[in-house]
Number of protein chains: 2
Amino acid sequence: MTDYATEKERASLANASDILSLIASGTANSRAALLAASGMSRVTVTQRLNVLLGVGIVEETLRTLPSGGRPTRVLGIRGSAGYMLVADIGETHIHLAAMSLAPDLLAQSTIAFSIAEGPVATLQRMTGEFDRLAAGLGQGFLVAVSLSMPTPVDFKRGRVVGPSVLYGWDDFDIVSWLGRHYKAPIYVENDVNLMTIYEHRHNFPLVDDMIFIKAGTGIGSGIIAGGKIFRGAQGAAGDIGHIQFNSPDAPLCRCGKLGCVEARAGGWAIARDLAEKGLRAETARDVIALVEMQKPEAIMLLRRAGQTIGEVASDVVSILNPSLIVVGGMLARGGDFLLSGIRELVYQRCLPLATGELKIILAEPKTDSALIGAAHLVLDDVFSPAKVEDFLARFISKRPS
Amino acid sequence: MTDYATEKERASLANASDILSLIASGTANSRAALLAASGMSRVTVTQRLNVLLGVGIVEETLRTLPSGGRPTRVLGIRGSAGYMLVADIGETHIHLAAMSLAPDLLAQSTIAFSIAEGPVATLQRMTGEFDRLAAGLGQGFLVAVSLSMPTPVDFKRGRVVGPSVLYGWDDFDIVSWLGRHYKAPIYVENDVNLMTIYEHRHNFPLVDDMIFIKAGTGIGSGIIAGGKIFRGAQGAAGDIGHIQFNSPDAPLCRCGKLGCVEARAGGWAIARDLAEKGLRAETARDVIALVEMQKPEAIMLLRRAGQTIGEVASDVVSILNPSLIVVGGMLARGGDFLLSGIRELVYQRCLPLATGELKIILAEPKTDSALIGAAHLVLDDVFSPAKVEDFLARFISKRPS
DNA sequence: TCAATTATGTAAAAAAATATACATAAAAAT
DNA sequence: ATTTTTATGTATATTTTTTTACATAATTGA
C-alpha cells in the first residue's frame, strides 16, 4: 500500500518538475503566472503545484502582489527544503559555509590554507569542516556542494586547469574525490565567474550582457552573455589579466610575458611600484590602505591602473558590447580613483554605438560574493529544465519523512 | 464539414510544432530519435509526424542511417515547402536571391547600388527585383525576407544603427517598410554576423564557441557563443576594426581615431600604404591582386596586416576563449601570408590554456556566404521552439491547396 | 540461410490532461 | 457598502496521450 503511494508520488513529482523549474527560475511566481507560462490547464497546474507544496519544496511566501483584484499569492522555493555546502578557496584561507536555498547563510567558518598543501589534504580538511557545519544544522537534504577556486577551472570537467598558483591541483579530479564523500552534485568554478554570477543574479538579474571585472591582486573578468555565464571552450574566457600592451616600459609579468595588464594595474604591480617609491605595500589591501590615507603616490598609481584597466575594458566593450560593467575586487574600494580612469579610456576609445547605453559602476564591497555566487550557480543548474527532474527524484528519496 | 476538417488540422498542427522544431534544428532526424528527444509516446509521435508529412513541411529523405538493425529513415524539412527572399546589400551592388528551405539557391540576380541612394528608393528597387524572382518560381509559400547589411544593425529592432556608410539608413524602419509589401517575417542583420552564421551552421555546426574574422576593406568579426550568434546589447558585438593600439606611427582611421586595427590592417589601409610606395591599389581586391602577382611590397604589408589582426585576435582569444577562429574576407585570399601573422601573434600572446585546442583557419573563398547565412538565420529563428507554432499556422493558411 | 537487432506501425485499454462550468476569496474602485 | 476585478479551487464530461501488446520491416552478423 505504501509502495503504491510512493509510486504515485514519484510519478506526480516527475510531472511537476517543469512547474518547479518555472518557479525556481523566477519565470513564474504565482499560480496565475504558472498557468500562462506553462501552457497547462488550471486543474493540472493546481494539482502539480499541490504536490510540490505537499513535499515541501515550494512554499507560499508571505508576500503578495497587488493585481487590481484579489492579490497574487507569491510562490517560491522553500529555503529550508535543503542546504548547500559551499566553499571559497582563497590563497591563504578557505571560507566554508552551509547555505539555505534562499540562498541564505546558515553557518560558516574559515580555515587556514596554504597553496602548497595539495588537493587531497585540503579536501580532507574541508570535508571535515563541512561535516561539522552540516551536523550543526540537524537533519536536512544536501542539495549540492559547490567550490570557488582562485584559478582557471574547466567547469564541465570540474577541475583546475592550466598553470595554477595551487601546486598539485592541476587536473586533479575534484568532483570524483568529493563524490565519494557526498551523494550530491559537486560543482567547481573559478572565483571571478562566481562573483560575476553573484552580481548578475543578485543585483542585475535583468541585464543580459554584462561584464564583471575583478581588480585585486590579479585582474580577471567574468562575462554574462545572453543572461548566462560564458565560459569559452576551456573555461578560460574573461582572462583579461594577461592581455599585453606594447610600450617602451612594459613591465615583466609573473606569467613571464612583458606588459600584461596585471603587471601594470594588478594589486601586486601597484604594490611593487609603491615599494620602489619607498612606501610599504605588498598586497592590494595595502595599496587601498595607502589610498585611504590619501598618499598621493598611491592615488596616482591607482588612477593610472584605472586607465590601464580602462584600456583593456575598451577592448572588451568593442568585442562584446555589454550594457553594464561592474568593477569589483579590493582595488574597487579605491572608488572613483579607479573608476574614472576606466570610464575615461572606455569613452575615449569605443564607438558611441557601444558606449551610448553602457554603464560602468563599482560593485559593493562584499567579501563573500563568490560564496553566494557558488550557491546561485547550484540553484540555476539544479532547477534547470534539464536537471530539475533528477533533483526532485533525489529530493523525495532522501528527504526526512 | 470542410471547416471542421480545417479546425482539426489546425489543432493537430499546433501540437505537431514541437516535433517540427526538433527536426528542423537537427536535434532529431528520425522517428526513433524523435521518440527519445520529445519524450512523447510512439503513437503520438507517429500521428503528429504524419500530419507534418501530410501537409508537406517534412519529408522522408532518401538517405538512411545504419543502425545495426533496420536502418533509420532520415527525416528532414522539405526544401520545396517554401522559399525565402534574401539579399546581400554591398557597397556597390545588391545581390538578391530566392532560396529553398534546404537552403539552396533557386534564383538570383544582382543590381547596382549606391550608398547615397537612401533606403526608400533602394527598398523599392529591391522589392521589384524580389517580385520578379518570386514570379519565376510560380506559386509558393514565402517563409521570410532576410537582408544582409554592410553596417552595424540592431537586430531586435531591425534597423541600421550608428554612423553608417549608408546615407539615410540610420534608424530607418526597414522591417515596417518591407512588412507592408510582404506578409512574412522580415530579418535584417549585419553581413559579418551572417557570414559567421554561415561558417558555423554550414561548416562547423558542432563547434560551440568560435569567431569569424572578416578581413576585407574593413575589418570586423562575428561571435558564436554557446552555439548561437552573440550580438551584445546594441548588436555591435564583434566590432574589432576600431580597437586601438598605441604606437608612435599610429595612422589615422576613417572613424577619426588614431591607430585603429582597420587603419593598420584593413584593405583600404594596405592600399593606402601600397599607393605610397607607388603601386596602384584602391581596394582589398587590388591588394590581393598584387599579392598574387608576388609583389614583395604587397606581401610584406599583408604579412604585417596579419600580425596586426593577430594582435586583436589575441585579445579576442583571451576574452572569449574560442576553440576556432575562421578568417575570411577578401584579404583571406592572401592565404598563409595573412594567416601566419595571425597565428604568430595569437600563440605568442595568449596563455597555453587558451591556445592548446585552438584552431585558426582560412575560410573557403565564397562570395555568397552572407546570403546563405541570411537563409540560415531565418531557418534557425522560424523553426525555433518559440516561433515554430506561428510558422505552422502561416504555412497551412497560405500554402496552395 | 536464419537469428538477432533495431526501426516502425497500430488497435484497444488505461491514464492523464483539458475544457467547461460553477464556485469562493480578497483586494481595488465606485 | 457594493460592485468590479483578478486570483484561485474543483467536479464533471470530454479529449488527448500513454501503455500495452502484438505486429511487420529491413538490415547485420553468425
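The axes of helix H8 (residues 267–276) and helix H9 (residues 284–292) of chain A come within 8 Å and cross at roughly 60°. This pair belongs to a predicted model, in which chain A contacts chain B through 31 residues from each chain. The points below take up the helix pairs, the contact between the chains, the surroundings of the DNA strand and some backbone details.

**Helices H8 and H9 of chain A**

- Angles of 65 to 115 degrees count as roughly perpendicular and those under 35 degrees as roughly parallel; H8(A) and H9(A), crossing at roughly 60°, are therefore oblique to each other.
- The crossing of these two helices, H8(A) and H9(A), is left-handed.
- H8(A) contributes Gly267(A), Ile270(A), Ala271(A) and Leu274(A) to the contact, and H9(A) contributes Ala284(A), Asp286(A), Val287(A) and Leu290(A).
- In terms of class, the contact of H8(A) with H9(A) consists of 6 nonpolar residues, 1 polar residue and 1 charged residue.

**Helices H9 and H10 of chain B**

- In chain B, the axes of helix H9 (residues 284–292) and helix H10 (residues 296–320) come within 7 Å, with a crossing angle of roughly 120°.
- H9(B) and H10(B) are therefore oblique to each other, and H9(B) passes H10(B) in a left-handed crossing.
- Val287(B), Leu290(B) and Val291(B) are the residues of H9(B) that meet H10(B), where their counterparts are Ala298(B), Ile299(B) and Leu302(B).
- The contact of H9(B) with H10(B) has 6 nonpolar residues and no polar or charged residues.

**Contact between chains A and B**

- Chain A and chain B each place 31 residues in the contact.
- On the side of chain A that touches chain B, helix H10 (296–320) and helix H12 (352–355) are the elements that give two or more residues.
- H10(A) supplies the largest share of that side, with 5 residues.
- The side of chain A that touches chain B is made up of 16 nonpolar, 10 polar and 5 charged residues.

**Surroundings of DNA strand C**

- At least two residues of the surface near DNA strand C come from each of helix H1 (2–25) and helix H3 (42–55) of chain A, and from each of helix H2 (31–38), helix H3 (42–55) and strand E2 (72–77) of chain B.
- H3(B) provides the largest share of this surface near DNA strand C, namely 3 residues.
- By class, the surface near DNA strand C comprises 7 nonpolar, 11 polar and 5 charged residues.

**Backbone details**

- Most residues other than glycine have a negative phi, and most peptide bonds are trans.
- Ala102(A) and Pro103(A) are joined by a cis peptide bond with omega of about 0°, and Pro103(A) lies in the loop between strand E4 (93–100) and strand E5 (105–112) of chain A.
- In chain B, a cis peptide bond with omega of about 0° joins Ala102(B) and Pro103(B); Pro103(B) is located in the loop between strand E4 (93–100) and strand E5 (105–112) of chain B.
- Asn321(A), although not a glycine, has a positive phi of about 50°; this residue, Asn321(A), sits in the loop between H10 and strand E13 (324–328) of chain A.

Technical notes
Residues are numbered from 1 along each chain as its sequence is written. Chains are lettered from A and ligands numbered from 1 in the order in which they are written. This is a predicted model: local features need pLDDT of at least 70, side-chain atom pairs count only at pLDDT 80 or more; totals for chains, interfaces and linings use all residues. Helices (H or I, at least four residues) and strands (E, at least two) are DSSP runs, numbered from the N terminus. Ala, Val, Leu, Ile, Met, Phe, Trp, Tyr, Cys and Pro count as nonpolar, Asp, Glu, Lys and Arg as charged, and the others, Gly among them, as polar. Axes are lines fitted to C-alpha atoms, for helices over the stretch in contact, and angles run from 0 to 180 degrees between N-to-C directions. Angles under 35 degrees count as roughly parallel, over 145 as roughly antiparallel, 65 to 115 as roughly perpendicular and the rest as oblique. A crossing is left-handed if the near helix is turned anticlockwise from the far one by less than a right angle, and right-handed if clockwise. Two residues are in contact if their C-beta atoms, placed from the backbone, lie within 7 Å.
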